[in-house]
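Biologist: Hi! Could you walk me through this structure before I get lost in it?
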Amino acid sequence: MPTPPDILRAASAELVVTDLERSRWFYTETLGLVVTAADDDALYLRGMEEYTHHSLVLRRGEQPALARLSYRVRTPADLDAAEAYFGALGLPTRRVPAGTTLGIGEAVRVLDPLGFPMELFHDVTHVPRLTQRYDLYHGVEPARLDHFNVMTPDIAAGHRFYSDLGFRCSETIEDESTLYAAWLARKSTVHDIALTGGAGPRLHHIAFFTPEARNVLHLCDVLGSLGNQAHIERGPGRHGVSNAFYVYLRDPDGHRVEIYTTDYYTGDPDNPTLRWDVRDERRRDFWGHAVVESWYREASTVLDLDGRPQQLLERAEPHEIDVVVGADGFTAARESLRQ
């Protein structure tokens with residue numbers, strides 16, 4: 001096999017939305033992302049720390065969907081490596097010229113084995129970093145895009161694909177025979193991409209990092225005070241996996257967005273994989289709170305390289321939500337509280 005491209009990190013996502021003005025309200029006025037550029041059909045947004053042109057594109061369309069997940073590579077030569085590597089795997093691969101997406105240089109697009117449209121790029125337009133423009137901070141004060149979470153029926157295949165690309169596995173959810181979810185990273189945090197078991201390919205969520213837990217709580221208070229609390233799907237809470245303090249929101253089209261903080265460093269080469277037993281109620285919420293069923297069942301449609309909706313494949317292995325915990329899980333935790 002050719003050498004795989006050197007991927008640095010999750011860099012941007014492109015979502016199809018049906019009402020661009022309503023989406024502008026949600027992502028800029030409510031969440032606090034900054035508009036780098038806009039036209040009649042698209043918004044290009046970034047967080048306060050980000051000096052690259054954008055980390056989120058919202059493009060007008062008839063049906064909500066994920067159009068693309070993009071990663072930055074270390075050098076322009078990694079685009080040639082990507083073409084050779086994905087070509088050797090027999091995956092649909094395209095080279096697209098600079099400017100195909102505003103602010104992004106030449107890129108390679110590939111449909112990964114799980115059915116997700118993946119883009120790799122190096123050259124990107126630089127814009128002012130707004131870290132110390134505190135006069136512009138509002139909403140949840142988002143610092144940067146952090147990761148993607150996708151739903152796939154074959155977690156093991158996804159784990160192999162991303163591991164071969166050089167991603168490190170930081171955490172898993174599993175039992176004696178089944179892998180239910182995996183968290184994999186190129187940068188020195190818990191994940192750039194997470195794989196969640198379920199019908200797919202579908203996008204579960206994109207996530208933005210915010211500096212403090214108070215930002216998450218403040219956002220919930222603001223949504224409540226404006227009567228927009230229905231956008232809060234789950235949380236606030238503390239994940240067992242990743243240790244993140246989180247809240248999950250649904251945007252006006254139903255795309256899921258996580259706002260989170262306080263995960264941990266994973267950059268050493270011998271960083272161990274933390275393996276969570278699927279029967280441990282703390283894995284998804286460290287405080288043992290039940291997870292709403294929509295969080296397990298609902299996700300965004302994914303498009304192929306030509307913009308067509310992907311056909312869903314069902315998961316053959318057990319689904320995490322169907323695992324019965326019983327007395328050795330949450331019940332045991334409740335019993336300990338009575339003592």
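Biologist: Great. What should I know about the model and the numbering?

Modeller: This is a predicted model, where local features need pLDDT of at least 70, side-chain atom pairs count only at pLDDT 80 or more, and totals for chains, interfaces and linings use all residues. Residues are numbered from 1 along each chain as its sequence is written, and side-chain values use heavy atoms, with hydrogens and water left out.

Biologist: How many helices and strands are in the chain?

Modeller: The chain has six helices and 18 strands. Those are DSSP runs numbered from the N terminus: helices are H or I with at least four residues, strands are E with at least two.

Biologist: What share of the residues is buried?

Modeller: Buried residues make up 54% of the 339. Buried means under 20% relative accessible area, exposed means over 50%, and partly exposed is in between, using a 1.4 Å probe and protein chains only.

Biologist: How about contacts between residues at least 6 apart in sequence?

Modeller: Of those contacts, 69% join residues at least 24 apart. A contact here means heavy atoms within 4.5 Å.

Biologist: Let's zoom in. Which residues of helix α3 are buried?

Modeller: In α3, residues 155-164, the buried ones are I155, A157, G158, F161 and Y162. They sit on the same side of α3 because they cover an arc of only 160° around the axis. The arc is that of the directions from the helix axis to the C-beta atoms.

Biologist: What do the buried residues of α3 pack against?

Modeller: Their partners are β5 (65-73), α2 (77-88), β8 (117-121), β9 (144-152), β11 (179-185) and β12 (193-197). On the face turned away from the buried side, α3 carries the exposed residues R160 and D164.

Biologist: Nice. Switching topic: where are the cis peptide bonds you flagged?

Modeller: One runs from G200 to P201, with omega near 10°, and P201 is in the loop between β12 and β13 (202-209). Another joins G235 and P236, with omega about 5°; P236 lies in strand β14, residues 232-238.

Biologist: Why flag those at all?

Modeller: Because most peptide bonds are trans, and most residues other than glycine have a negative phi. On the phi side, E141 has a positive value of about 55° although it is not a glycine. S242 likewise has a positive phi, of about 80°.

Biologist: Is E141 buried or exposed?

Modeller: E141 is buried, at 18% relative accessible area, and lies in the loop between β8 and β9. S242 is buried too, at 3%, in the loop between β14 and β15 (245-250).

Biologist: Last one: where is W276?

Modeller: W276 is in strand β17, residues 274-277, and is buried with a relative accessible area of 11%. Leaving aside neighbours within four places in sequence, W276 is in contact with residues including E171, I173, V241, R282 and F286.
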